[in-house]
Amino acid sequence: RPRHQERAAERHLAGRGVKTVFLEVEENNQPAQRLYERTGFSIVGRRERYYRQAGGDELNALVMRRDLS
């Protein structure tokens, strides 16, 4: 079922002219990175100090991209 939902979302976005999707994920979040990579995203950049934790620590984000066309 999730794969079917993923394809439906792709069709919906492509039908609206969306050709590329970007997202940010905290660079130490390996489970999320693997999930996104399995669904076709690849790492295309890094944002320094993108996230701030409650204690004030700043964490980097990886920028990921997926082409829908």
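This is a predicted model: local features need pLDDT of at least 70, side-chain atom pairs count only at pLDDT 80 or more; totals for chains, interfaces and linings use all residues.
Student: What makes up the chain in terms of helices and strands, and in which pattern do they follow along the sequence?

Tutor: The chain holds 2 helices and 3 strands, and reading along the sequence gives the pattern α-β-α-β-β.

Student: Why is Gln-33 called buried?

Tutor: Gln-33, which lies in helix α2, residues 30-38, has a relative accessibility of 6%. Buried means under 20% relative accessible area, and therefore Gln-33, at 6%, counts as buried. In the chain as a whole, buried residues make up 20% of the 69 residues.

Student: Which residues are in contact with Gln-33, once its neighbours within four places in sequence are left aside?

Tutor: With those neighbours left aside, Gln-33 is in contact with Val-25, Glu-26, Glu-27, Asn-28, Ile-43, Leu-62 and Met-64. For one of these residues, Glu-27, the backbone oxygen is reached by the side chain of Gln-33 at 2.7 Å; a polar contact requires a pair of N or O atoms within 3.5 Å, so the distance of 2.7 Å meets that cut-off.

Student: What is found at the start of α2, and what follows the helix?

Tutor: At the start of α2, a side-chain oxygen of Asn-29 reaches to within 3.1 Å of the backbone nitrogen of Ala-32, while the helix is followed by Gly-40, whose phi is positive, near 100 degrees.

Student: Why is Glu-58 called partly exposed?

Tutor: Glu-58 is found in strand β3, residues 58-67, and has a relative accessible area of 36%. Buried means under 20% and exposed means over 50%, with partly exposed in between, so the value of 36% makes Glu-58 partly exposed.

Student: What makes the pairing of Glu-58 with Arg-52 a polar contact?

Tutor: The side chain of Glu-58 and the side chain of Arg-52 make a polar contact at 2.8 Å, and the cut-off for such a pair of N or O atoms is 3.5 Å, so the distance of 2.8 Å is within it. Not counting residues up to four places away in sequence, Glu-58 touches Arg-49, Tyr-51 and Arg-52. Glu-58 and Glu-48, which are 10 residues apart in sequence, are 8.3 Å apart in space, C-alpha to C-alpha.

Notes. Residues are numbered from 1 along each chain as its sequence is written. Side-chain values use heavy atoms; hydrogens and water are left out. Helices (H or I, at least four residues) and strands (E, at least two) are DSSP runs, numbered from the N terminus. Buried means under 20% relative accessible area, exposed over 50%, partly exposed in between (1.4 Å probe, protein chains only). A polar contact is a pair of N or O atoms within 3.5 Å; within protein, one must be able to donate a hydrogen and the other to accept it, and residues adjacent in sequence count only if both atoms are side-chain atoms. Contact means heavy atoms within 4.5 Å.
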